[in-house]
Amino acid sequence: AIEDAVISFDLVNIGNTSAQGTLKYSSNILGEHKITAEKTGYDNASRNITVQTPMQVQSLNLSTKTASTGQTVAVKANVQNVGASKDTRKLELKVNGNKTVDTQAVTLGPGENKTVTLNYKPTDPGTYRLSVDDKETTVTVEKTQTNWALIALILVLLIAIGAGAYL
């Protein structure tokens, strides 16, 4: 064990190692980071790490697998906090892996589960991949059909009612 080694997190000094050669540090800054250890008389050492949230998306469910253009599709994400402390994070619903169409913050205590609903309102027909984190599903969007027969029937009824009012 190396005592008094200077430890840096993304080039910011976070402390020195103990007599046992350890240092405890906690970060809530998610993503890739670089940890560096330095001590005179020793080779410097660095390691890249990934800080991840303990909140995980367990599954995705859609309100419908087939939708019409302009119809809102509800995407229900089952989220679980697998960590030992309360955490908050933002969920992002993405279409085809890159376009964020809805976001929602969720806070969970340790071991808690919650279903979070995110929405997507497609404007064009096609098949779309909807994803939250590494969970993914697809929805098929069809062009909205106009029911001309129903519109014609309503117009005939309105004309008949209007004509009846004048008799």
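Is Asn119 buried, exposed or partly exposed? The structure above is a predicted model, and within that model Asn119 counts as partly exposed because its relative accessibility is 34%, a value that lies between the limits of 20% for buried and 50% for exposed. Asn119 is placed in strand β10, and, when neighbours within four places in sequence are left aside, Asn119 is in contact with Thr72, Val73, Ala74, Leu93, Val101 and Asp102. Lys86, by comparison, stands 33 residues away from Asn119 in sequence, and the C-alpha atoms of these two residues are 26 Å apart in space.

The protein has a mean pLDDT of 90, and 95% of its residues reach 70 or more. Confidence is highest in β10, at 97, whereas helix α1, which covers residues 148-166, has the lowest, at a mean of 75. Where pLDDT is low, the predicted coordinates should not be read in detail.

We can now turn to the strands. In general, strands of a sheet pair through backbone hydrogen bonds, and they do so either parallel or antiparallel. Strand β10 belongs to an open sheet of three strands, which has the order β5-β7-β10 and antiparallel pairing. In this sheet β5 and β10 stand at the edges, each with a single partner strand, and therefore one side of each is left without a neighbour in the sheet. Neighbouring strands of the sheet are turned against each other by 25° on average, if direction is ignored.

Other strands pair elsewhere in the model. Strand β11, residues 126-132, is joined to β12 in the antiparallel sense over seven bridges, with Val141 of β12 as the bridge partner of Gly126. These two strands form a hairpin with two residues between them, where Asp133 takes a positive phi near 55°. Strand β12, which spans residues 135-142, also pairs with β6, residues 66-68, through three bridges, and here the strands run parallel; Thr66 has Thr140 of β12 as its bridge partner.

The loop between β6 and β7 holds Thr69, which is buried because its relative accessible area, 18%, is under 20%. Apart from neighbours within four places in sequence, the contacts of Thr69 include Pro122, Pro125, Val141 and Thr144.

Which residues have the most contacts inside the largest nonpolar core? This core has 22 residues, and those with the most contacts inside it are Val79, Leu91, Leu130 and Val139. Strands β5, β7, β8, β9, β10, β11 and β12 each supply at least two residues of the core. Leu130 gives a view of the surroundings: leaving aside neighbours within four places in sequence, Leu130 is in contact with residues including Leu60, Leu62, Val75, Leu93, Tyr120 and Val139.

Methods. Residues are numbered from 1 along each chain as its sequence is written. This is a predicted model: local features need pLDDT of at least 70, side-chain atom pairs count only at pLDDT 80 or more; totals for chains, interfaces and linings use all residues. Side-chain values use heavy atoms; hydrogens and water are left out. Two strands pair if DSSP finds at least two bridges between them. Helices (H or I, at least four residues) and strands (E, at least two) are DSSP runs, numbered from the N terminus. A nonpolar core is a set of buried Ala, Val, Leu, Ile, Met, Phe, Trp, Tyr and Cys residues joined through side-chain atoms within 4.5 Å. Buried means under 20% relative accessible area, exposed over 50%, partly exposed in between (1.4 Å probe, protein chains only). Contact means heavy atoms within 4.5 Å. pLDDT is the predictor's confidence in each residue, from 0 to 100. Axes are lines fitted to C-alpha atoms, for helices over the stretch in contact, and angles run from 0 to 180 degrees between N-to-C directions.
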